[in-house]
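Hi everyone, thanks for coming.

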Amino acid sequence: MAKGKGRISYQGEPGAYGHQACVEALPEHEPVPAATFEGAIDLVRQGECDLAMIAVENSTYGRVADVHQLLPESGLHIIGEHFVRVHINLLGVPGARIEGVTRAMSHPVLLGQCRGFLRPLKIERIAGYDTAGSAKYVKAVNDLTLAALASPLAGDIHGLDVLAAEIEDNKNNTTRFLIMAPEPQPIAQGEGIMTSFVFKVRNIPAALYKAMGGFATNGVNMVKLESYMVDGSFTATQFFAEVEGHAEDPAVARALEELGYFTTELTILGIYPANEYRHLSN
């Protein structure tokens, strides 16, 4: 990954989990917020940031909507990955007490991850546009009855008190981020390498089955295969896949070559080191 002082974009307000990912993975870089994932990518394409930290999936709620469509069009390359353990705190303005909280605001996904905690306390869930943005709003309105559900970092940034810590229902809840750069990062073949790519299969019988056959016969472990429609078409289906190994490893190269016979498009998005979290979570 890039060394030295640089700038890395992320989606959300300061204190968002993307911000946390930047601080954990690349503490020497300056985190730069963007309102959307597309905005975070644009900051890199325009040269205002060196890297982008993009959330792609959550262990509880699956893939992040629309991101897989943005990645192939971005022109950026995956150079790394980072996993953030999602700890959720109930945050209130100074002087607030949990007994007095009647409403909690956060992104709808985070609200859904704390039902078991909020329901017995009869705390109403209020949808906000962003987790850290909700913390910012709670601080601004200064209402003792309104709390935010957000990261510990958001609480520190916006000067909120922790009314309850780590209230998430799923104690293994984790979000995976991809680190994107304008150019691919050269990486030697060896153990602990991931290759991510997208492809479209030809419109022939059993095309996907045949396309996947090369990975099985060459002993390549495919850890992810997801489909999504392109441009709202029911016939133009694109696949996002990830395999263990370097694209230039003989077995992976043979599998990709065979895949090419059954696809109309095949784009390598990145070859990068596997994060150690993959081994810890097995």
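Let's start with the lining of the largest pocket, whose residues divide into 15 nonpolar, 8 polar and 3 charged. Before I go on, please keep in mind that this is a predicted model.

How much space lies in the largest pocket? About 630 Å³. In total, 26 residues line that pocket. If you want to find its centre on the screen, look for Gln 11, Phe 37, Ala 55, Val 64 and His 107, which are the lining residues nearest to it.

Now, where does the lining come from? Six elements each supply at least two residues: helix 1 (17-25), strand 3 (51-58), strand 4 (62-63), helix 3, helix 4 (108-112) and strand 11 (174-181). And which element gives the most? That is strand 3, with 3 residues.

Let's stay with helix 3, residues 67-74, and bring in helix 2, residues 37-45. The axes of these two helices come within 11 Å and cross at roughly 15°. With an angle under 35 degrees counting as roughly parallel, helix 2 and helix 3 are therefore roughly parallel to each other. Their crossing is right-handed.

Who touches whom here? On the helix 2 side we have Phe 37, Glu 38, Ile 41 and Arg 45, and they meet Val 67, Leu 70, Glu 73 and Ser 74 of helix 3. Sorted by class, that contact holds 4 nonpolar, 1 polar and 3 charged residues.

Which residues make the contact? From helix 8 come Lys 210, Ala 211, Met 212, Gly 213, Gly 214, Phe 215 and Thr 217, and from helix 9 come Ala 255, Leu 256, Glu 258 and Leu 259. By class, this contact has 6 nonpolar, 3 polar and 2 charged residues.

That's my tour, and I'm happy to take questions.

Notes:
Residues numbered from 1 in each chain as written. Predicted model: local features only at pLDDT ≥ 70, side-chain atom pairs only at ≥ 80, totals over all residues. Heavy atoms only, no water. Axes fitted to C-alpha atoms, helices over the stretch in contact; angles between N-to-C directions. Helix = DSSP H or I, 4+ residues; strand = E, 2+ residues; numbered from the N terminus. Parallel < 35°, antiparallel > 145°, perpendicular 65-115°, else oblique. Left-handed = near helix turned anticlockwise from the far one by under 90°. Contact = heavy atoms within 4.5 Å. Nonpolar A, V, L, I, M, F, W, Y, C, P; charged D, E, K, R; others polar. 1 Å grid on protein atoms, 1.4 Å probe; cavity = no way out; pocket = protein on both sides within 12 Å on 5 of 7 lines; lining within 4 Å. Points joined across faces, edges and corners; volume = space filled by probe spheres on them.
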